[in-house]
Amino acid sequence: MRRRFLDFRTLLLSLGVVAVSVAYVLLTATAETLTVRVEGELARQWQTTYDLLVRPPGSRLPEEQQWDTARVNYLAGLKPGITLAQYRRIQAIPGVAVAAPISMVGYLQQSGYLTLKDPPPSGLYALTQETVLDTGLTPFHRTQRAFLWYFDPHTDADAAHAAEPWASEAFRLWPRRADYEVPFRVRLTFPLLVAGIDPQAEARLVGLDHAVTDGAYLTPETPFCRYGPVRPDEDRHFADVPGVYDVPVFLIPVLARQDFPLRLSGTLHAVRLNLPADGPQALAAGLRRQGVAFLSTLTPAQPLPDFTVQAADLYRRFLASAQASPLIHRWFLQGRCAPPLEDLPPAARQALQQQGAGAHPWGTGDPLWPLPGAVGYQRLPQGILSAQAAASPPEPLRKVLNPLDEPAYRAAPERIIARVRGVLVGTYDARRLGVGGAALNAVPLETYAPAEVTAYADGQGNPLPQPRRLYPGVSPLGYLQSPPALLTTLQAACAIVGEPCISVVRVRVQGANRFSTEAQQRLEAVAAEIVRRTGLEVDIVTGSSPRLVKVLLPGEGRQPDVVVQEPWVQKGVHVRIQRSVQRGNRQLLALLVLLSLLYTYNASAMWVAQRRQTWAVMRATGWRAWDLVAWLLKFALGVGLAAGVVGLALGWALRMGLHLEALPPLQAAAILPLSVALVLAGMLLPAWRQGRQAVVAVLRAESERLPRRRGGRWWLLARHRREALAAGGIVAGAGALTTVLLGGWLGLRGYLQLTLLGQYLLVRVQGYHLVMLGVVLLLAALAVADVVLMLLAEHRYLNGLFAAVGWRPAQVLGFWVQQGVLLAVGGGAVGGALGVLLLVAGSGRLSWGYLTAWGAGMALSGLVGALAAWLPARRAARIPPAQVVREG
C-alpha cells in the first residue's frame, strides 16, 4: 500500500505541473481573447458626435458630479453663461478641431389657426373646440365653447346690430360674405424654441449644411436688424404681456426644422341651433332678457362634420408666413434694415414716413420669452431622483406659458426679453444629419431631437403593462422640452440675449477618433487646458455610454405619478472597462504564479518526506549531500519537462476547442520554461533540507493513539501542522484567486450593467474565465488530495483500529473526507478574506459583490475538499484490516 501511495504522490506532483501549464495557457489565451474582443467592441463604440462638452460654471447637478455623468436634457433650462471671449479662447487651443457653440435664446409662443375651406350656411352655431396634447401618458384635454351667429348681412343686418352689445369671446357675430374669412376655425398655441449657432462650426460638427431641404444655409455674414420698442398705438395684440412695449424688436434670419415634434391637435365640433320661431328679431330679444345664457336654451338642429387640425399643419403655415417677399429678401440680405422709400409703393411709403424714426418696416414681431429655470431634483432611496414640481405662474402668464395646465417643473419667467420676427432662409431635415454614434455610445443632441425618456412604472414602482415613451408638451415649463425649431446665427443670438450669450460649446479634438491610450490622454489634456484658460466646466463624453437613470415625475393631480428612465451620459466607460480588464488579468496571473509555486513546493516537500528512508540509505552508501540535491533537482527537471510538454499540449488543444485567441509569441515561448522553473523552485528547498540531514536520521515508527476528545476534529491535522499549513496555504491561494475572479467579475459586471455599452459587452464577453476557475479549483483539489494521501500513509493503522471498534466502511470514509473538508474550508476562508482585501485595495471600495464572492469561494472550497479527499479515502477504506496490520 505504501508503494501505491508513493506512486500516486508522484502522479499528483506531475498532474499539478500539468495543471499549472494548462492554467497558464488558458489564462494567457483568455486574457488575450478578452482584451482583443473588449477593445474591439470599445473601438467600434468609441467615436461620438463630439468629444468634449463645455458648460458654464455651476451647471452640473450634484448627482452628475457624484455619478460622473452628464444629464441627457442638459440644454433644457441651461441659460447662457459663456462669453464670446471664452469661446474664442477655446477655438485657439491647440488640438481643438471644431468648437460648436449653442445659444439657447428663448421661446416664441406661436398661435395659429386654420379655417374651413367651404363656408357653411348662415345661422346660429354652438362651437366646441377640443384641444388634445399627447405626451405619451394621459392626454391633456382643453375644451373651449362659444356661440357664433354667422348671419346673412342682407337679411339679418338689423338683428345682428341689435345683438352687438352682447358680443364677446363667448358670443361672436360674423357676416357671411365672400370677401370675409370663414369664422369656423381651430386655433392652437405652441412653443417655438429659438437657438443661435455658428453655421460653419455646426456644418463641420454634424453636417447641418447638407441637411438643408429648401432655401439656403445660414452663414456668419447673414445680417440681422434691431429696432426700438413698439409703441402701444402700433400693436395692441400683446398688450397683456409684461414688458411688451419696453423691449427692442429684432429681425433675424432663421433656418427652420422641417418636421414638428409636438403631438398636438384640435378638433372643432359645430352644431347649428334652431332659431326662435320669430326669427332673428326674437334672438335679439332673448339676448336682451337673459344675455348669452339665452343661447344655451336653444335646441340643436344639425351638426357639421368635425374639423381637425394638427399642430404640424399650423407649423407649416407659420413657415410659409416667414418666407418674405423677394424684395424684402434682397433688402435684408444686403443688410438694409430699412427699405429704400423710392422702392416702396406710395401707400407704404407714406405710412413709414408717418411712423418716423421708430418705424418697424417688417412688422413688430412676436414676444420672445427667456428660458425657464432648470429642473430641480431630490434624491430618493435606491438611487431614484424625484423631479421637484414648480409653482404655477400667475393667471395672465399661465394662459400664455401653460395653456393646457400641464405639470410644471420649471420656474416661469416674469417678462419677455425681446420681440422677434424671423426671415426664413431655409429649412432642414434633422434625419439627414450626420450625427455619429449608435445607441450604445449616444450623446445628447437636444439641438435636433428631444431626449428619449421612457415611463416604465407608476409612482409606487409597479411596472406599467407596456413602457411608454414621453414626448414634449406645449408648455416651456414642462419636464421635456422641444428641440429648437428656429436656428439663427450666433451674432443675432448674442445681440438678443447680451453677454454672456452662449449656453454650451461642443468640442471635437484632433487625433482622438480612435480608441487608444494616446487619444484619451489627448482628450484629457485639451479638457484641462480649456478649464485653465476659461474656468468653465468640461465633460469628456467620448468613450461614454448611456446610463439609465430613474426619475420620479409627480403628476400634481394633472397626470398619474410615473417613474421614467432617461439615458444620462456615463463618462469614461471605455477607459474604466479597459483598465478593469487589464487589472483583472494582471491580478489573475500574479495569483496563479504564486499559487503554482506554493503547490509545487508543498507537493515536492511531501514527496521528499515520504522517501526519507530511501535518502538515508543513499547517504549511507556514499552519496554526498550535493549529489543527492543534484539528483532531486534532475528529477524535478525531468518531471517539469514532461509535465510541461503535456500541459502545453492540453492547454493548446483546449484553447483551440474554446476558440480563444492565439498567445503572443513571447508568452507562448515562456510556458515550458515557466513549468520547469516552478518545479525546480518548489523542489529546491526540500532537496537542500534533505541534503543537510545526517546519515543516522532514519524514519522512526510512530506510536499513535486514538484521538482524545478534547482535540476535536482538528487533532489529526494538528499533528501534521507543517504539511497542513502548507496545503492550507495552497487552498487559501486558490480561495483568494477564486474570490478575486468572482468578485472582480461581479464588480465589473455591476459597473457594466450601469450602461448600455456595458450590458452589450456582458452578452459578448462573459464566461471566459469560468475555464480558469475550473483549473484553479483543480489545483486546490490536487493539494487536498495530496494531504489526505499523506495522512493515510502516516496513519494507516487507524483504519484497522476503526474496524476493530466496529466502524463501518462508510464511517471510515467520512472520517478521512472530513479532514479534506476542514482543510479546504479553513484555507478557503483565509484565502477568501485575502482576495476581498485585494479587491478592496484595487477598487477602493467594499461591495456586497465581494462578500458574495467570499461566501461562494468558501462553499466551493468545501465542495472541492470533499471531492478531492473522497477518492484516496475510498481506496483506503476498502483495504482489509488484516492487510493494514501486515504492512505495518
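# Briefing: helices, strands and cores of a predicted model

Just after helix H6, Gly291 takes a positive phi of about 75°. This is a predicted model, in which local features need pLDDT of at least 70 and side-chain atom pairs count only at pLDDT 80 or more, while totals for chains, interfaces and linings use all residues. Residues are numbered from 1 along each chain as its sequence is written, and side-chain values use heavy atoms, with hydrogens and water left out. Helices (H or I, at least four residues) and strands (E, at least two) are DSSP runs, numbered from the N terminus.

**Helix H6**

- Helix H6 covers residues 280-290, and its buried residues are Ala282, Leu283, Ala284, Ala285, Gly286 and Leu287. Buried means under 20% relative accessible area, exposed over 50%, and partly exposed in between (1.4 Å probe, protein chains only).
- These buried residues of H6 pack against strand E4 (123-133), strand E5 (140-151), helix H4 (157-163) and strand E6 (171-175).

- Strand E10 (residues 249-257) is mostly covered, with nine of its nine residues buried.
- From E10, Val249, Leu251, Pro253, Leu255 and Arg257 point one way, whereas Phe250, Ile252, Val254 and Ala256 point the other way.
- Strands count as paired if DSSP finds at least two bridges between them. E10 and strand E17 (residues 418-428) are parallel and share nine bridges, and Phe250 has Val420 as its bridge partner in E17.
- Strand E9 (residues 225-227) runs antiparallel to E10 and is joined to it by three bridges; the bridge partner of Tyr227 in E10 is Val249.
- Strand E20 (residues 486-489) is also antiparallel to E10, with two bridges between them, and Leu487 in E20 stands opposite Leu255.

- The largest nonpolar core has 59 residues, of which Leu52, Leu208, Val505, Val507 and Ile530 touch the most other members. Strand E3 (residues 96-115) gives the most to this core, with seven residues. A nonpolar core is a set of buried Ala, Val, Leu, Ile, Met, Phe, Trp, Tyr and Cys residues joined through side-chain atoms within 4.5 Å.
- Leaving aside neighbours within four places in sequence, the contacts of Leu52 (heavy atoms within 4.5 Å) include Val505, Val507, Ile530, Val538 and Ile540.
- A second, separate core of 45 residues includes Leu192, Phe250, Leu314 and Ala492.
- Strand E22 (residues 537-540) is covered on both faces, with Glu537 and Asp539 buried on one side and Val538 and Ile540 buried on the other.
- Four bridges pair E22 with strand E1 (residues 52-55) in the antiparallel sense, and Arg55 has Glu537 as its bridge partner in E22.

- Trp626 lies in helix H15 (residues 625-657) and counts as exposed because its relative accessibility is 63%.
- Trp626, Leu685 and Trp688 form a nonpolar surface patch, with about 360 Å² of accessible area together. Patches are made of residues with over 30% relative accessible area and no salt bridge, like charges being joined within 9 Å and nonpolar side chains (Val, Leu, Ile, Met, Phe, Trp, Tyr) within 5 Å. A salt bridge is a side-chain nitrogen of Lys or Arg within 4 Å of a carboxyl oxygen of Asp or Glu. Accessible areas come from the Shrake-Rupley method with a 1.4 Å probe, and for residues only the protein chains shown count as cover.
- Val676, in helix H17 (residues 671-692), is buried, with a relative accessible area of 11%.
- Not counting residues up to four places away in sequence, Val676 touches Leu637, Gly640 and Leu641. Val676 and Ala636 are 40 residues apart in sequence and 7.8 Å apart in space, C-alpha to C-alpha.
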